[in-house]
Amino acid sequence: MERRVAVLASGTGSNFAALADAASSGQLGPARIVGLVVDREHAGARDKAASRGIEHVYIGKKTHPTAEAFEAAITAQLERWGTEWVCLAGFLRILRPSFVARWRDRIVNVHPSLLPAFPGLHGARQALEAGVSETGCTVHLVTEGLDAGPIVRQARIPVLPGDTEATLLERLHPVEHRTYVAALRDLLARPFDVVDNEIIWKS
Ligand code: GRF
């Protein structure tokens, strides 16, 4: 049965595009990206959805000023699409516990650091400023805690001498794309339990 995945994004949407291309080339198994929600009207992710023939909709502060209305509108849209899985891909709004609970264990995020190190905004910048010799990205299930949910998959890259946030992110982005695709493929294909904030794969 085809798995129905929706994506929430705020920015350029390179991770969205990677997931959409992986779905259409069969890398995610029988899965389809059913739609994109952006909370910034002119997010570049919308162009990437349009060029791929994927429905995209703006839901944000202009249309829904309160958090309650904003999240209710997103849930209603996701339900209209028959969404089973929600992927956050550079989505900058924090989702409240009631939203997270609605999609529990079916909502996924990619973060630009090796969590639990450097949660929150600017994970790559934080790693650089901390002087670590390697960093990476983490795909995790979303829980109430900020970037604190069960880790599905991580990938590492070295921090090179002379790296700036821009050069680090440039090397990290393709790694994020591969890691997000691999993590989502696993989540869609393999049954799992979550025990003590850890994923226990059942097969
Ligand atoms: C990525 O670096 C991701 O780790 C973070 O936001 C960024 C989104 O980039 N959560 P893009 O819009 O997918 O290109």
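Student: Which residue stands opposite Ile-107 in S5, and what does it mean for two strands to pair?

Tutor: Val-86 stands opposite Ile-107 in S5. Two strands pair if DSSP finds at least two bridges between them. Helices (H or I, at least four residues) and strands (E, at least two) are DSSP runs, numbered from the N terminus. Here, strand S4 (residues 85–88) and S5 pair in the parallel sense over three bridges. Please note that this is a predicted model, in which local features need pLDDT of at least 70 and side-chain atom pairs count only at pLDDT 80 or more, whereas totals for chains, interfaces and linings use all residues. Residues are numbered from 1 along each chain as its sequence is written, and side-chain values use heavy atoms, with hydrogens and water left out.

Student: Are the two faces of S5 covered or uncovered?

Tutor: In a regular strand, side chains alternate between the two faces of the sheet. Buried means under 20% relative accessible area, exposed over 50%, and partly exposed in between (1.4 Å probe, protein chains only). In S5, Ile-107, Asn-109 and His-111 are buried on one side, and Val-108 and Val-110 are buried on the other, so that both faces are covered. Because five of the five residues of S5 are buried, the strand is largely enclosed by the rest of the structure.

Student: Which residues of helix H5 are buried, and what do they pack against?

Tutor: Gly-123, Ala-124 and Ala-127 are the buried residues in helix H5 (residues 123–130). They cover an arc of only 100 degrees around the axis, which puts them on the same side of H5; the arc is that of the directions from the helix axis to the C-beta atoms. Their packing partners are strand S5 (107–111), strand S6 (134–141) and helix H6 (165–189), where contact means heavy atoms within 4.5 Å. After H5 comes Gly-131, with a positive phi near 75 degrees.

Student: Which residues surround the ligand?

Tutor: A residue is near a molecule if one of its heavy atoms lies within 4 Å of it. The residues around the ligand are Thr-12, Gly-13, Ser-14, Asn-15, Gly-90, Val-110, His-111, Pro-112, His-173 and Glu-176. A polar side-chain atom of Thr-12 lies 2.9 Å from a ligand oxygen atom, and a backbone N or O atom of Gly-13 lies 2.7 Å from an oxygen atom of the ligand. The protein covers 83% of the 370 Å² of accessible area that the ligand has on its own, by the Shrake-Rupley method with a 1.4 Å probe.

Student: Where is Ser-10, and which side chain does its own side chain join in a polar contact?

Tutor: A polar contact is a pair of N or O atoms within 3.5 Å; within protein, one must be able to donate a hydrogen and the other to accept it, and residues adjacent in sequence count only if both atoms are side-chain atoms. Ser-10 is in the loop between S1 and helix H1 (14–24) and is buried, with a relative accessible area of 3%. A polar contact of 2.7 Å joins its side chain to that of Asp-39.

Student: Is Arg-4 buried or partly exposed?

Tutor: Arg-4, in strand S1 (residues 3–9), counts as partly exposed at 25% relative accessibility. Its side chain reaches the backbone oxygen of Trp-81 at 2.8 Å. Arg-4 and Leu-78 are 74 residues apart in sequence and 9.9 Å apart in space, C-alpha to C-alpha.
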